[in-house]
Amino acid sequence: MAELQEELKEKIIEQLSLEDVEVSEIGDDDPLFGDGLGLDSIDALELIVLLEKDYGIKLKDPKEGKAIFESINVMADYISKHRTK
Amino acid sequence: MRKVYLVDDSIISPLGFSTQENFQNLRKNNIGIKEVKNNDIWSAPFYGSVVDNDKLHEAWNLISNDKNGNYSKLEKMMILSVSKLISNNPSLDISRCGIVISTTKGNIGQIKEEQNDKAYLASIAKTIQGYFNLDQTPKVLSNACISGGLALAIGKRMIQAQLYDDVIVIGGDLLSEFTLSGFFSFQAVSSAPCKPFCKNRTGISLGEAAASAWLSADKKKINGEAISISGDASANDANHISGPSRTGEGLYISITKALKEANLESQQIDYITAHGTATPFNDEMEAIAFNRAGLQEVPLNSLKGYYGHTLGASALIESIIARHCLLHNVLIASVGFEELGVSQPVNVITKNETKELTRVLKTASGFGGCNVALIIEKLA
Amino acid sequence: MEKFYISDFCSLRNNKVFKNGEEIYSDVASDSIKDFAKGLYKSLDLKYPKFHKMDELCKLGFLATEVLISQLENIDQDTALVLSNRASSLDTDRKHQVSIDDRANFYPSPAVFVYTLPNIIMGEISIKNKLKSENAFFVSEQFDPEFIANYSKALLQTGKASNVICGWVDLDNDKYDVFLAFLSKKGRKELTKKELNNLYNQ
């Protein structure tokens, strides 16, 4: 699990061009949106693509993303349960 | 300041190859959106509004004075719309007109090709200049989904600045794999014909069309009642590059400034032809802006349910239709609408109506946070 | 008729930045536009994380604007943006196209797609500087000083804008050319087609 969390942090920094953020600065339970990393609506859409492309998870309703992308821990938990690749 | 009149216009769309045919179809509430099965655009069937290639080919062969030229579908549609404008108006001398072309993606499908000169938007200006044998190269405006409305505003400003007495605004975009795939990645495409302002709306339907409008400072050129663009303004939300402002700020500013230029109060507007893309956030933002401007009771529709979102053509076509609604004193039902689905009240037109109309507000909003408002007015 | 002036101008070319004719930054070592833009961003000490999310075309237009207005304490909300270029957003359009070329590996990125419109540059500039103003983006084969000057004048004369930032922000096949001018009611150089063209060609 810890490995997946690190992997997710690296991917998020890379995919969302968070140039000034280090992996060590993202806490496993930190909120990703709002006050946390300050991600926005395009980032949320980008994370939906990441889920599908890298883990083979296709969300039926994009609104589900809101709950899944709450924090690294929640995201890792969801991925480990639903991943197809 | 000089008055600027909308003298005549022409639309090439799935609802017809003339404004008249388009307007008749709208009055019958016929829609252009249907299930499209075209593997060049998308691997699965989708809902969109496309111009039939055979019909275009036939119409093109009837008018084209250059049978050997290499014209794209979009260029044929644009040239066809201008040719109809010219043939309907013997007094129109296009060589003396300023020309503004409005398009978001032009011939974007060409970037896949080795020879991709046509993917450059200025090539469309060159093509039109060559076809009509013009001395001046038309200007190309590419300003996202407000392009067609902003091009009319710019045409009006060019006339008011005395750069030209007449301006032709040409707008057009195609329904392409490029744009459709992007809107799919935004989770913004409706799985059925789009439903602007409706509770059950889930996103846009895309469409394709071209249109032309003739703007002039010379009232004598008008055949029938005079329709003018009496106010125009554009403002950026300064908020987000893709998400509509939650306060409708840029749209509100645009509406207020356009009303001020036209010397009108919001109560004097008889009809709003909205942007109404049918994405959850766009329609909500518009409802907020209209309420802030005191326009919540004014009858409103979105023509996206008929044409889909035709990008660089949409606000131009919607302004042209507004002119004909003023001339015929009719309001056209906002097709796709069932039950109000925005947090602020707006008065969506559910049935065609006959009503004395004098002033229309046309609005549009787009990526990049841009907004435009036009006041189109019947003059006594 | 009221006169308007070019109060400031700047350009980004060949990894050098000029403001009002003087070189203010140079980074000939960078061999990519991305690195050049990042170096200039750092030297301007902007601290604006959104910058890193922009595509290269927006980065160039955004940075040029920061250079152009750096001496101003505040910028009027009614400062219009009138930009133009040759290649529209083709640099990013090609990236989007690559992501959809293969139907078996079809993952268009929303963060790329949103930059496939040239007017997004003006969105980014407006957000940073809180400009709730007139925007227009024109595409032409070359910089068209006559039309850009005429249209900008029309905005100033009719009161649709208090000032105008106008110019050329082009990027195509790793070649870029950026020139911006700040137009207002004050300045030494009168706004004419000829003056604007001279400054562009400097």
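In what order do the 3 strands of the open sheet in chain B lie? The order is β2-β3-β7, and the pairing is mixed. Strands β2 (34-36) and β7 (206-207) of chain B stand at the edges with a single partner strand each, so one side of each has no neighbour in the sheet. Here strands (E, at least two residues) are DSSP runs numbered from the N terminus, and two strands pair if DSSP finds at least two bridges between them. Between β2(B) and β3(B) (residues 46-49) the pairing is antiparallel, over 3 bridges; B:V36 has B:F46 of β3(B) as its bridge partner.

The structure is a predicted model, in which local features need pLDDT of at least 70 and side-chain atom pairs count only at pLDDT 80 or more, whereas totals for chains, interfaces and linings use all residues. Residues are numbered from 1 along each chain as its sequence is written, while chains are lettered from A and ligands numbered from 1 in the order in which they are written. The model scores ipTM 0.98 and pTM 0.97. Chain C averages a pLDDT (the predictor's confidence in each residue, from 0 to 100) of 96, and 100% of its residues score at least 70.

In chain C, strand β6 (residues 163-172) has 9 of its 10 residues buried, that is, with 20 or more other C-beta atoms within 10 Å of their own, C-beta atoms being placed from the backbone. Strand β4(C) (residues 79-85) runs parallel to β6(C), joined by 6 bridges, and C:L83 is partnered by C:G167. With β7(C) (residues 175-184), β6(C) pairs in the antiparallel sense over 9 bridges; C:I165 stands opposite C:F182. These two strands, β6(C) and β7(C), form a hairpin with 2 residues between them, and C:N173 in the turn has a positive phi of about 50 degrees.

Key:
Helices (H or I, at least four residues) and strands (E, at least two) are DSSP runs, numbered from the N terminus. A residue is buried if 20 or more other C-beta atoms lie within 10 Å of its own, exposed if 12 or fewer, and partly exposed in between; C-beta atoms are placed from the backbone.
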